[in-house]
Amino acid sequence: MGKQRDTQVTREVILEVENKLLNQIMAARTTEATEAAISYARFLRLAGLDTENYPLFLKMLETENHWVLDELIGPGDPFLLLSTIPPNRYLTAKSFQLLTRWRPGGIYPKTLAIVLGVLQNTYSSPKDGYKIYPLTVADVDNLGKHLEKHKGQNDPRNRCILDILDRIGALEGLYWDDSIEQVSRQAHRIRSNFFDNTRLLEDCMPQVLLVQGDYSQDEVSPRRVFVG
């Protein structure tokens with residue numbers, strides 16, 4: 001009995017150490033970790049995305065390192081990276097968590113494209129999307145804060161965010177639910193302020209959300225350039 005208990009503890013310790021090391025790799029806060037994360041991202045991409053491993057792809061988005069993310073995405077369209085995964089609550093909630101975590105400008109554009117691809121897929125039918133993940137006003141604000149008004153509506157990312165907001169706004173009047181009405185009205189309000197040259201985005205959402213970031217400020221580069 002004693003030997004069996006020791007073996008079990010040893011396995012738990014090993015798993016704990018492995019998990020700790022993997023988290024350090026994914027954080028990419030040292031040159032060595034960045035290079036390991038790049039290799040791991042390449043392994044994931046070559047292994048192929050599926051309904052079992054997609055949470056690992058989402059986890060990689062948190063590295064906030066463009067060398068790692070370029071390897072994860074490869075030559076494909078980042079907007080379509082997760083398009084084969086059916087919309088679900090975990091995927092959508094994680095996307096909004098990432099939008100909340102990142103400041104405007106503090107997210108690698110390709111990563112933002114991945115998240116927007118998920119949300120556009122989820123809310124292609126607003127009613128079905130809301131059943132999958134009931135939105136809050138804070139979710140809508142954290143989506144809208146990534147609009148870049150000075151680039152206009154023809155900017156691809158702006159156009160996608162505006163489209164998602166438009167779909168969310170379409171929920172207005174569909175339910176006898178005050179929370180949904182608040183969400184849909186806020187989506188309309190953000191769109192309206194974007195198109196109105198006399199108004200600012202901070203006029204309709206907390207100004208603290210619009211503080212700019214820089215995704216490249218804290219990322220650690222690898223020693224060598226990786227070629228996928």
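Colleague: Which residues of helix 2 are buried?
Modeller: Ala33, Thr34, Glu35, Ala37, Ile38, Ala41 and Leu44 are buried in helix 2 (under 20% relative accessible area with a 1.4 Å probe, protein chains only; helices are DSSP runs of H or I, at least four residues, numbered from the N terminus). The model is predicted, so local features need pLDDT of at least 70 and side-chain atom pairs pLDDT 80 or more, while totals for chains, interfaces and linings use all residues. Residues are numbered from 1 along each chain, and side-chain values use heavy atoms, without hydrogens or water.

Colleague: How far apart are the end C-alpha atoms of helix 2?
Modeller: They are 24 Å apart, which agrees with the 24 Å that the 17 residues of helix 2 (residues 31-47) should span at 1.5 Å a residue (1.5 Å times one less than the number of residues).

Colleague: Which residues are buried in helix 3?
Modeller: In helix 3 (residues 54-61), the buried residues are Tyr54, Phe57, Leu58, Met60 and Leu61. These residues lie on the same side of helix 3, because they cover an arc of only 155° around the axis (taken from the directions from the axis to the C-beta atoms).

Colleague: Changing topic, what is the volume of the largest pocket?
Modeller: The largest pocket has a volume of about 330 Å³ (a pocket is an open set of points on a 1 Å grid, with protein on both sides within 12 Å along at least five of seven lines; the volume is the space filled by probe spheres set on the points).

Colleague: Which residues are closest to its centre?
Modeller: Of the 21 residues that line the largest pocket, Pro104, Gly105, His146, Leu147 and Glu148 are the closest to its centre. Helix 6 (109-122) and helix 9 (156-169) are the elements that give two or more residues to the lining.

Colleague: What about the second largest pocket: which residues line it?
Modeller: Its volume is about 190 Å³. The residues that line the second largest pocket include Arg29, Thr63, Arg101, Arg103, Gly213, Asp214, Gln217 and Asp218. Glu64, Trp102, Gly106 and Tyr215 also belong to that lining, and the largest cavity is lined by these four too.

Colleague: How many cavities of 30 Å³ or more are there?
Modeller: There is 1 cavity of that kind (a set of points where a 1.4 Å probe fits but cannot get out; lining residues have an atom within 4 Å of a point). The largest cavity has a volume of about 40 Å³, and its lining also includes Asn65, Leu69, Ile107, Tyr108 and Thr111.

Technical notes. Buried means under 20% relative accessible area, exposed over 50%, partly exposed in between (1.4 Å probe, protein chains only).
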